[in-house]
Amino acid sequence: MDTANDRATEELQWIARIAEQDRTALKLLYDRYAPRVFRFVIRMMKDEARAQELVNDVMMEIWKSAAKFEGRSAVSTWILGIARFRTLNAVRGYKPELVGLDESPEQEDHSSDVSQVKSMEQLRALLRQALDRLSVEHREVVELTFFHGYSYPEIAVILDCPENTVKTRMFHARNKLRPWLERQGVSATDAGGVP
Amino acid sequence: MNTETFEEQLAWYANGTLGDAERAEMDAWLAEHPEARQHLAEVEFMQGTVAEVAADEPQLDPNGFDQLMAQIDAQEQELEVVETSVAPESAEEIEPVWTGQPEKPGFVQQLREWFEQTFQWSLTPAFARVAVVAQFALVAVLGTALYLPQEEAGYEVLSGETGAATAIEGAVLVDLGFNQSMTLAQLQVLLRTHQASIVSGPNTLGIYRIRLANAEPLTALRADSGVIYLQRVEP
């Protein structure tokens with residue numbers, strides 16, 4: 001069961017079995033997706049207890065609505081779409097630290113000085129802080145792209161928005177982080193990229 | 001594609017999900033634009049950072065699936081109760097009392113019909129109707145008072161006997177009356193808990209005849225606050 005196609009076929013079979021109330025199939029799906037859903041949710045809202053609840057909410061919805069799944073998108077896209085919808089509902093009224101598009105990172109992060117950053121790990125830790133300050137809309141695109149490895153058409157399905165919106169959000173997220181990266185001295189060489 | 005389009009797609013070039021044609025175009029563009037390679041390096045650094053799971057990041061609860069199963073069990077039980085209340089399997093036995101929407105005419109309605117048929121009620125003068133109703137009411141109140149003497153323990157053993165329970169094919173039959181505030185769901189839980197089933201009822205006093213697997217649940221039923229009458233049925 002190595003290729004993406006094999007996995008997709010297997011997951012479709014699980015969904016069909018779940019539609020018939022097969023708990024073993026639900027367990028298989030849970031083992032594959034619960035950690036991913038949890039990671040997505042926890043990075044969106046930073047509330048561990050709530051994230052655990054949301055994972056089960058998502059799985060419960062799959063349990064109830066598997067019979068309605070028509071296969072118009074991949075199972076993984078469908079599941080992350082449910083997770084994203086529920087996460088957005090959960091974060092309504094919950095105000096994480098957000099950074100507006102027009103705010104400069106220089107105005108908000110005085111905790112680090114490039115001259116004191118010694119290691120790649122320190123750079124990554126600082127970048128994670130900056131990522132946490134992105135808006136939910138930008139952060140979810142970054143997460144779905146870089147952690148979950150989705151293509152932009154898949155992300156458009158998950159977010160239920162046009163593909164161009166996905167690209168624009170990524171573009172803005174990068175622009176938001178770029179001055180910060182430059183300030184931290186992340187260059188092509190530092191990042192291990194193309195010299 | 002123009003520069004902006006290439007820039008927009010750098011992230012998906014980095015994560016390897018661009019189509020073959022888009023990837024080839026991106027390769028060509030990167031070869032011609034050294035500054036774009038710097039941007040790609042930034043994107044790759046972002047990718048590595050996001051994909052990395054920090055040591056202090058919370059982990060999924062290993063008991064999460066068990067909790068999910070418990071949630072599913074609870075919801076299915078709730079659903080079962082709702083379905084039963086909407087379309088009970090033994091509607092004749094349960095629905096008339098516990099849903100508040102009896103299929104058969106109620107006691108008052110039956111009494112009114114009986115009066116109509118017996119005394120040609122509509123032709124009876126008003127004062128005579130009052131007298132007859134008053135007499136019946138007096139009889140009913142006195143009868144009820146005698147039939148349902150004072151109770152303090154929340155239930156009543158109508159027979160007053162404590163001998164061995166009546167067994168029919170190894171089972172025990174009892175007559176039970178329930179507190180009016182008891183809901184259908186509570187009744188079902190009570191019956192399931194004691195592996196009891198309704199044989200008949202309710203009668204006009206709201207008494208059900210219940211079959212128990214054995215006499216063991218009798219003590220618990222007596223102690224249940226929802227049970228107000230309990231009488232074993234003699235063979």
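A: Happy to! A helix here is a DSSP run of H or I with at least four residues, and helices are numbered from the N terminus. Let's look at α1 of chain A, which covers residues 4–19. Keep in mind that this is a predicted model.

Start with the length. Helix α1(A) has 16 residues, and at 1.5 Å a residue these should span 22 Å.

Now look around the helix. The buried residues of α1(A) are A:Glu11, A:Trp14, A:Ile15 and A:Ile18. Viewed down the helix axis, these buried residues fall within an arc of 100°, so they line one face of α1(A). Turn to the other side and you will find A:Asn5 and A:Asp6, which are exposed.

What lies over the buried residues? The cover includes three helices of chain A: α2 (23–45), α3 (48–65) and α4 (75–91). Two of these, α2 and α3, are also among the elements that give two or more residues to the side of chain A that touches chain B.

Chain A has a mean pLDDT of 81, with 76% of its residues at 70 or more. Over residues 96–115 of chain A, however, the pLDDT is below 50. Where pLDDT is low, the predicted coordinates should not be read in detail.

Definitions and conventions: Residues are numbered from 1 along each chain as its sequence is written. Chains are lettered from A and ligands numbered from 1 in the order in which they are written. This is a predicted model: local features need pLDDT of at least 70, side-chain atom pairs count only at pLDDT 80 or more; totals for chains, interfaces and linings use all residues. pLDDT is the predictor's confidence in each residue, from 0 to 100. Two residues are in contact if their C-beta atoms, placed from the backbone, lie within 7 Å. The expected span of a helix is 1.5 Å times one less than its number of residues. A residue is buried if 20 or more other C-beta atoms lie within 10 Å of its own, exposed if 12 or fewer, and partly exposed in between; C-beta atoms are placed from the backbone. The arc is that of the directions from the helix axis to the C-beta atoms.
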